[in-house]
Amino acid sequence: MSAETSSPSRLERVLAYAAVTIVALAVLAFFVTLIIGLTGSGREILASGGWPLVVWTSYIGLPIGFVLIITLLIVNNRRRAKDNPRDARR
């Protein structure tokens, strides 16, 4: 490993924070949906007002977070490959 450490780019930071935030919101929405579903009239509550948005957040949040994490890995690997070319090791 080289003595120089490169700091993550702004894009990498944004992707990391966005992925963590979206996954945390999706997990929180999932638990809220489960807790409300345990009540006697859970279906009626979840079907009215702003609750469908909470339900859909739990449905689509984790796949979006997964895509963001994969994108972050790709961006990070491309930056590292550019910083450490193979010819420098020989």
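**Entry 1. Contacts along the chain.** I first looked up the contacts in the protein (a contact means heavy atoms within 4.5 Å). Among those between residues at least 6 apart in sequence, 71% join residues at least 24 apart.

**Entry 2. Basis of the values.** I note that this is a predicted model, in which local features need pLDDT of at least 70 and side-chain atom pairs count only at pLDDT 80 or more, while totals for chains, interfaces and linings use all residues. Residues are numbered from 1 along each chain as its sequence is written, and side-chain values use heavy atoms, with hydrogens and water left out.

**Entry 3. Overall form.** I looked up the secondary structure and recorded three helices and zero strands. Along the sequence, the pattern reads α-α-α.

I then turned to the dimensions. The C-alpha trace spans about 70 × 20 × 20 Å along its principal axes. The radius of gyration is 20 Å, whereas a compact globule of 90 residues would have one near 12 Å. This radius is taken over C-alpha atoms, and the globule rule is 2.2 Å times the number of residues to the power 0.38.

**Entry 4. Surface and burial.** The accessible surface comes to about 7,400 Å², and carbon and sulfur atoms account for 67% of this area. Accessible areas come from the Shrake-Rupley method with a 1.4 Å probe, and for residues only the protein chains shown count as cover. Of the 90 residues, 17% are buried.

**Entry 5. Helix H1.** I looked up H1, which covers residues 10-37. H1 has 28 residues and reaches 40 Å from its first C-alpha to its last, close to the 40 Å expected at 1.5 Å a residue. The expected span is 1.5 Å times one less than the number of residues. The buried residues of H1 are Glu12, Leu15, Ala19, Ala26, Ala29, Thr33 and Ile36, and they pack against H2 and H3.

**Entry 6. Helix H3.** H3 covers residues 51-83 and has 33 residues; from first C-alpha to last it reaches 47 Å, close to the 48 Å expected at 1.5 Å a residue. I asked where H3 has a kink. A kink of about 35 degrees lies at Ile60, shortly before the proline Pro63. The bend at a residue is the angle between axes fitted to the seven residues ending there and the seven starting there. Val55, Ser58, Gly61, Gly65, Leu68 and Arg79 are the buried residues of H3. They pack against H1 and against helix H2 (42-47).

Arg79 is buried because its relative accessibility is 16%. Beyond its neighbours within four places in sequence, Arg79 is in contact with Ser6, Ser7, Pro8 and Glu12. The side chains of Arg79 and Asn76 are joined by a polar contact of 3.2 Å. A polar contact is a pair of N or O atoms within 3.5 Å; within protein, one must be able to donate a hydrogen and the other to accept it, and residues adjacent in sequence count only if both atoms are side-chain atoms.

Apart from residues up to four places away in sequence, Thr57 touches Leu25, Ala26 and Ala29. The side chain of Thr57 reaches the backbone oxygen of Leu53 at 2.7 Å.

Entry 7. Lastly, I looked up Gly50, which lies in the loop between H2 and H3. With a relative accessible area of 49%, Gly50 is partly exposed. Gly50 and Phe31 are 19 residues apart in sequence, and their C-alpha atoms are 16 Å apart in space.

Notes: Helix = DSSP H or I, 4+ residues; strand = E, 2+ residues; numbered from the N terminus. Buried < 20%, exposed > 50% of the residue type's maximum accessible area, 1.4 Å probe, protein only.
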